[in-house]
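Hi there,

Here is the structure I promised to pass on. Have a look at it first, and then read my notes below.

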Amino acid sequence: TKTTISVIKADVGSVSGHGVAHPALLDICEDTLENARETGLLNDYYITRCGDDIDMIMTHRNGEENEEVHETAFTAFMKATEKARELKLYGAGQDLLSDTFSGNIKGMGPGVAEMEFKERPSDPVIVYCCDKTEPGAFNLPLYKIFADPFNTAGLVIDPSLHDGFKFEVFDVMEHRKVIMECPEESYDLLALLGSTGRYVIKRIFKKNGEIAAAVSTERLNLMAGQYVGKDDPVAVVRAQSGFPAAGEVIEPFAFPHLVSGWMRGSHNGPLMPTSQEEANPIRFDGPPRIIGLGFQVADSELIGPVDLFDDPAFDPTRKEAANIATYMRRHGPFEPHRLPSEEMEYTSLPGVLTKLEERFKKMD
Ligand code: 13P
Ligand code: 13P
Ligand code: MG
Ligand code: MG
Ligand code: MG
């Protein structure tokens, strides 16, 4: 028998502005998932939030893309939305694109990262949840975890990692995907992964096909054809015994790399790792945030979590992120703090250009 871990997330309303999901919403999600656990649909769950996004981490035996599991998650978010409307929370129902469930939560707004696997004798699993960024934010850290020997010592010294990994990359603009092998094709892979708004790691496998990592890649802006909310992502990563050690899975986040999605989904800023308690993007609606939760999966139950960035060893990273935030902010409306116009979530540029159309004069 296999275990499935499904992480499904959505922003259905927050205090104040796009800050923090209200605890009443998490309580409502808890009620729905508790019912599903009692009926046996779920074996276990853990609910958290990063900023205004609610993250539901669920274990069960029903496989990926299971209709009932997805419907349960969608129902939880629908009920939480009702409460958000009652409290007039900001962005109530923001990430729900439909008010009726139609078989699979993909394309309906929430983000999904899930994987099914046969449990090892001991199975450490790490879940990351972000706010004020996009799925491509995971390209750099996942590359480091699964392909960079200066991050992951095991790629060099552990025979069970020495073969490398396979990366499934989505082209989110053209709706197509490619699988690439590392270390053999690492330079070609990096050529794609550097374009974080277009090429996004969806899954990583061992060379024998065993699943190692999964990321939510839903891009709400493209799905709905217009801006309906940034696609703050989640990821699930397996650790130890044939996979990178837990510490190797966590290490890349000691570097607060620049990601897109801060303020109005239209700015670049540093990704700051924090505890769950400190996952409150407040300064200029940010800076972008990531939390990490370490579990052991045991007979389809979640043991833990350990709040991974609740570690003073990450204090210098947070300080560096705060300094980078100040530096980036000083650019105001200029690139590369502000995103290029094609990538902005909210943009006045077409209107400005229309207004100026007649005043633009051809040059020789
Ligand atoms: P322990 O001796 O604390 O179990 O550590 C094993 C290890 O090598 C961790 O990276
Ligand atoms: P969310 O996607 O987290 O709602 O952020 C919207 C935004 O751009 C806040 O400035
Ligand atoms: Mg929001
Ligand atoms: Mg958010
Ligand atoms: Mg969002």
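Predicted model: local features only at pLDDT ≥ 70, side-chain atom pairs only at ≥ 80, totals over all residues.

**The metal sites**

Asp-232 is buried, with a relative accessible area of 3%. Here buried means under 20% relative accessible area, exposed means over 50%, and partly exposed is in between (1.4 Å probe, protein chains only).

Residues are numbered from 1 along each chain as its sequence is written, chains are lettered from A and ligands numbered from 1 in the order in which they are written, and side-chain values use heavy atoms, with hydrogens and water left out.

Back to Asp-232, which is one of the residues that coordinate the magnesium ion (ligand 4): the donors are Asp-52 (OD), Asp-53 (OD), Asp-131 (OD) and Asp-232 (OD), at 2.0 to 2.4 Å. Donors are N, O and S atoms within 2.8 Å of the metal (3.2 Å for Na, K and Ca); water is not among the atoms, so sites may look incomplete. Along the chain, the donors of the magnesium ion (ligand 4) follow the spacing D-D-x77-D-x100-D. Asp-52 lies in the loop between β4 and β5, and Asp-232 in the loop between α6 (220-223) and β12 (234-238), so this pair ties together parts that are 180 residues apart in sequence. Helices (H or I, at least four residues) and strands (E, at least two) are DSSP runs, numbered from the N terminus.

Which residues hold the magnesium ion (ligand 3)? They are Asp-11 (OD), His-18 (ND1) and Asp-52 (OD), at 2.0 to 2.2 Å. The spacing of these donor residues in sequence is D-x6-H-x33-D. Asp-11 sits in the loop between β1 (3-10) and β2 (14-15), and Asp-52 in the loop between β4 (44-50) and β5 (53-60), so the pair joins parts 41 residues apart in sequence. Asp-52 also bridges the magnesium ion (ligand 4) and the magnesium ion (ligand 3), which lie 4.5 Å apart. Asp-52 is buried, at a relative accessible area of 1%, and Asp-11 is buried too.

**Salt bridges**

The structure holds 19 salt bridges, each being a side-chain nitrogen of Lys or Arg within 4 Å of a carboxyl oxygen of Asp or Glu. Asp-53 pairs with Lys-9, and their closest N and O atoms are 2.9 Å apart. That pair links distant parts of the chain, with Lys-9 in strand β1 and Asp-53 in strand β5, 44 residues apart. Both Lys-9 and Asp-53 are buried. Asp-131 meets Lys-132 in a salt bridge (2.8 Å, N to O).

Another salt bridge is formed by Asp-171 and Arg-198, with their closest N and O atoms 2.9 Å apart. Asp-171 is in strand β8 (residues 165-171) and Arg-198 in the loop between α5 (186-193) and β10 (199-206), so to speak a link between distant parts of the chain, 27 residues apart. Asp-171 is buried, with a relative accessible area of 4%, whereas Arg-198 is partly exposed at 25%. There is also a network of salt bridges that links Glu-64, Glu-168, Lys-177 and Arg-203.

**Backbone points to check by eye**

Most residues other than glycine have a negative phi, and most peptide bonds are trans. Lys-132, in the loop between β7 (123-131) and α3 (139-147), has a positive phi near 60 degrees. Lys-132 is buried, at 7% relative accessibility. Phe-284 has a positive phi of about 50 degrees and lies in the loop between β15 and β16. Phe-284 is partly exposed, with a relative accessible area of 24%.

A cis peptide bond joins Gly-286 and Pro-287, with omega about -10 degrees; Pro-287 is in the loop between β15 (272-273) and β16 (289-298). Another cis peptide bond joins Gly-304 and Pro-305, with omega about 5 degrees, and Pro-305 is found in strand β17.

Best wishes
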